[in-house]
Amino acid sequence: ARLNVEYELKQTKEDLDRTERARLNVEDELEQTKEDLDRTERARQKLEVEVKQTKEDLDQTERARVNVEVELERTKQDFDRTERARLNVEDELKQTKEDLNRTERARLIVSIQFKKTTQDLYQMERTRQTLEVEVNQTKEDLNRTEKVRSDI
């Protein structure tokens with residue numbers, strides 16, 4: 001019986017060691033995921049700043065286009081020169097809208113990555129908590145086994 005208890009004690013210690021290593025691995029992965037989340041958040045914030053700036057550029061370009069159209073109506077004698085300016089502004093507006101669309105797509109991708117990383121982080125935290133419970137249970141089992149062994 002004593003040999004069985006000692007064997008069980010040895011097995012329990014090995015189980016505890018494996019569980020502890022698994023817990024440490026999960027904590028390392030959790031830390032890495034947190035760092036990934038931080039990098040993703042910084043990228044998302046940068047993209048949001050770019051989106052805001054692009055929207056402001058778009059508003060400025062749109063206001064410039066409207067001003068050019070008003071000037072076109074007022075000054076028929078400068079029609080050719082004013083028409084070229086309007087066309088240039090429209091090209092800029094189109095390019096700015098394309099830039100905005102590209103930036104918005106990138107922002108959406110980062111937002112999706114951010115949500116996925118957040119979900120991964122929560123899953124890792126749940127795994128860590130589960131492993132912590134298992135470690136505590138294994139420690140309690142070890143203590144009981146030690147007590148049984150010492151009683152024998």
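Visitor: What percentage of the 152 residues in the protein is buried?

Guide: In this predicted model, a residue counts as buried when its relative accessible area is under 20%. By that cut-off, the buried part of the 152 residues comes to 27%.

Visitor: How does the radius of gyration of the protein stand against the globule rule, and what is its value?

Guide: The secondary structure consists of two helices and zero strands. For 152 residues the globule rule gives 15 Å, and the protein lies well over that, so it is more spread out than a compact globule. The C-alpha trace spans about 110 × 15 × 15 Å along its principal axes, and the radius of gyration is 32 Å.

Visitor: How far apart are the end C-alpha atoms of residues 2-148?

Guide: An unreviewed UniProt entry lists residues 2-148 as "coiled-coil region". Over these residues the chain is 97% helix and 0% strand. Of the protein's contacts between residues at least 6 apart in sequence, 84% join residues at least 24 apart. For residues 2-148, the distance between the end C-alpha atoms is 9 Å.

Visitor: Is Thr33 buried or exposed?

Guide: Thr33 belongs to helix H1, which covers residues 2-74. Leaving aside neighbours within four places in sequence, Thr33 is in contact with Thr117, Asp120, Leu121 and Met124. Because its relative accessible area is 9%, Thr33 is classed as buried.

Visitor: How far apart do the centres of the positive and negative side chains lie?

Guide: The protein carries 33 positive and 40 negative side chains. When the centres of these two sets are compared, the distance between them is 1 Å.

Note on methods. Residues are numbered from 1 along each chain as its sequence is written. This is a predicted model: local features need pLDDT of at least 70, side-chain atom pairs count only at pLDDT 80 or more; totals for chains, interfaces and linings use all residues. Side-chain values use heavy atoms; hydrogens and water are left out. Helices (H or I, at least four residues) and strands (E, at least two) are DSSP runs, numbered from the N terminus. The radius of gyration is taken over C-alpha atoms; the globule rule is 2.2 Å times the number of residues to the power 0.38. Buried means under 20% relative accessible area, exposed over 50%, partly exposed in between (1.4 Å probe, protein chains only). Contact means heavy atoms within 4.5 Å. Lys and Arg count as positive and Asp and Glu as negative; His and the chain ends are not counted. The place of a charge is taken as NZ of Lys, CZ of Arg, CG of Asp or CD of Glu. UniProt positions are given in the numbering used here, feature names are shortened, and annotations may be inferred rather than shown by experiment.
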